[in-house]
Amino acid sequence: MLEELRITGLGVIEDTTLSLTAGMNVITGETGAGKTMVVTGLGLLFGGRADAGRVRSDPGRAVVEGRLRLAEPAATTVGTRVSDAGGEPDEDGSLLLSRTVTVEGRSRAHVGGRSMPVSMLGEIGEQVLAVHGQSDQLRLLRPAEQRAALDRFAGGEHEKLLAALREAYTGWRRVSDDLADRRRNARERSQEADLLRLGLDEITRADPQPGEDADLKAEAQRLEHAEGLRTAAQTAQQCLAGDADPTDETLDVTTLLGLARRTLEAQSGVDPALGELSARLEEAATLVGDVSAELSGYLASLDADPARLQTVYERRAVLRGLTRKYADDVDGVVEWADRARARLSELDTSDDLLEELERERQRLADEVAEMAARVTASRREAAGRFADQVTVELAGLAMPHARIEVAVLPRPAGRSDPTLRVDGIEVGVSADGADEVELRLLAHPGAPALPLQRGASGGELSRVMLAIEVVFAGSGGPPTLVFDEVDAGVGGQAAVEIGRRLSRLARTHQVLVVTHLPQVAAFADRHLVVAKDTGGAVTTSGVRVVEDTERARELARMLAGLPDSDLGIAHAEELLAVAARERRL
């Protein structure tokens, strides 16, 4: 759960700390006091988009810090990811998160004491937090969001089916697009293939080898300077080992080293230090001997061959012709040839290949249709369970006669999606299947089943959204749930029921609720109030925990705008008593 949240320099909030608890945390306050900034701060802390316009000019940056303490399975998932990135938990096992946004729009993130990409906060947020606001209600009106909600509810096996469908769909579209492109651009492909074959024929005839141009350049230099190289090698060899003529009395390095070694060795009995130097001279003589032998071999291999030099010149001219056309060097020419061969296989428009691709396309189309049918069946099975569970929750939210239906309908053919025959019907198919999902509300007996966007008022939509979230919570999901004024448009008994449902949800999850309803706030395990201070030159807001009489005064303010009214306080205390009894049940 999120134990603590500190916000600095964000909107009207100058510097405040929210101490949160397990269970239900409620945040209230006057309109404009800064309740929205709390939700905005949560969004920033968990990787949301940064809006520099919300950063206070003094101090010029907004900082949001949070302390997480996670239970399994989120603890293992998040802990492993953070450790892999170099972060580590605090000494008490909690995980510290931080997000900084400047007035210039620059953003930085820290996790577990290490600087991290902002995307890391987003990854953590997906595991630990779900935020639901009025914008989420609007998203729920979109067919794609309704399908995603049903898929989420359907469970792990359904997700595996979807993954298999998406893989098959991707392969089908790739082969279909390839086949269509080959047929549509057959002439252009044939012209390109002819040019590639000409180039490949020229390269194949020349048969260039990797690194050949560098080797030929080095060989040409040796042949061009053969006499100079021979003179240098002979001179060095004679200096090291003497002339082959035994009558030549010129002293060479080998002879001088031998004389020096023997002279020192003769005196080594008097001073051992000279013996050590004699041994080192012997090593030097061995090294000189090795160099002399290698020079002899070099001289034997050195040959001024005009015919070979001409051959090298001609070969280099051939290679230069290739490098002028295809690449900067011979290695590049070899790579061009490899790419050309691969491209030729892509340009093939022969009847045999087209027939083979058509068979593969049909095989994959059959596989996609079969997988889409299985996904449809899985969705329809989940739709019944989902509708029943949401309907039960609506009954507990003061909508006892309302009923939810989840319609899984074939996607009409003829739109932008490709079409296939699934379960005997021509339908449009995408990577998500061949279905359109529509949530419908029957507000009361005898009422028609209407899509949510047509059949639900604002208050009803809030309760449907809450009912769906309660159903999702029962099947897992993030441990912390945030509700940002999802009770808008609700009052009276329905508001009490929303508070009761949120309180029950808080038995298994940490729940944060931003609300303007006292009936909801009364059910809180911890009540925080955002208060605005207009006493100074700059308006600021802070957050404080209210308890006992202070809490009753805050509920009285929410009830009638009269925090000091005895009647309002008495009504607030009655609400608190009702909520306390409910929590004990």
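Select helix 10 (residues 253-266) and helix 11 (residues 272-301): their axes come within 8 Å and cross at roughly 160°. Axes here are lines fitted to C-alpha atoms, for helices over the stretch in contact, and angles run from 0 to 180 degrees between N-to-C directions. Helices (H or I, at least four residues) and strands (E, at least two) are DSSP runs, numbered from the N terminus.

This is a predicted model, where local features need pLDDT of at least 70, side-chain atom pairs count only at pLDDT 80 or more, and totals for chains, interfaces and linings use all residues. Residues are numbered from 1 along each chain as its sequence is written, and side-chain values use heavy atoms, with hydrogens and water left out.

**Stop 1: helices 10 and 11**

Stay with this pair. Helix 10 and helix 11 are roughly antiparallel to each other. Angles over 145 degrees count as roughly antiparallel, under 35 as roughly parallel, 65 to 115 as roughly perpendicular and the rest as oblique. The crossing of helix 10 and helix 11 is left-handed. Left-handed means that the near helix is turned anticlockwise from the far one by less than a right angle; clockwise would be right-handed.

Now show side chains. On helix 10, pick V253, T254, L257, A260, R261, L264 and E265. On helix 11, pick L274, L277, S278, L281, E282, A284, A285 and V288. These residues make the contact, and contact means heavy atoms within 4.5 Å. Color them by class: ten are nonpolar, two polar and three charged. Ala, Val, Leu, Ile, Met, Phe, Trp, Tyr, Cys and Pro count as nonpolar, Asp, Glu, Lys and Arg as charged, and the others, Gly among them, as polar.

**Stop 2: A241**

Which residues does A241 touch? Select D252, T254 and S292, leaving aside residues up to four places away in sequence. A241 itself lies in helix 9 (residues 226-241). At 34% relative accessibility, A241 is partly exposed. The cut-offs are under 20% relative accessible area for buried, over 50% for exposed, and partly exposed in between (1.4 Å probe, protein chains only).

**Stop 3: helices 8 and 12**

Select helix 8 (residues 212-224) and helix 12 (residues 306-325). Their axes come within 10 Å and cross at roughly 150°. That makes helix 8 roughly antiparallel to helix 12. This crossing, too, is left-handed. The contact residues on helix 8 are E212, D213, L216, K217, E219, A220, L223 and E224. Facing them on helix 12 are R308, L309, V312, Y313, R315, R316 and L319. Color by class again: seven are nonpolar, none polar and eight charged.

**Stop 4: helices 2 and 3**

Go to helix 2 (residues 74-84) and helix 3 (residues 118-128). Their axes come within 10 Å and cross at roughly 170°. Helix 2 and helix 3 are therefore roughly antiparallel. A74, T77, V78, R81 and V82 of helix 2 meet M120, E123, I124, Q127 and V128 of helix 3. This contact has six nonpolar, two polar and two charged residues.

**Stop 5: the nonpolar cores**

A nonpolar core is a set of buried Ala, Val, Leu, Ile, Met, Phe, Trp, Tyr and Cys residues joined through side-chain atoms within 4.5 Å. Which members of the largest core touch the most others? Select F386, L394, I404, V406 and L502, out of 60 residues. Helix 16 (residues 458-474) gives this core its largest share, nine residues. Zoom in on F386. Beyond residues up to four places away in sequence, F386 touches L150, F153, V406, L439, I468, V471 and F472. A second, separate core has 38 residues, including L2, V82, V111 and V514.

**Stop 6: R501**

Is R501 buried or exposed? R501 is buried, with a relative accessible area of 10%. Find R501 in helix 17 (residues 492-505). Show V392, E393, G396, L397 and L466, which R501 touches, not counting residues up to four places away in sequence.

**Stop 7: two positive phi values**

Most residues other than glycine have a negative phi. Select D423, in the loop between strand 10 (419-422) and strand 11 (425-428). Phi of D423 is positive, near 55°. D423 is exposed, at 57% relative accessibility. Next, select D548, in helix 19 (residues 548-560). Phi of D548 is also positive, near 50°. D548 is exposed, at 65% relative accessibility.
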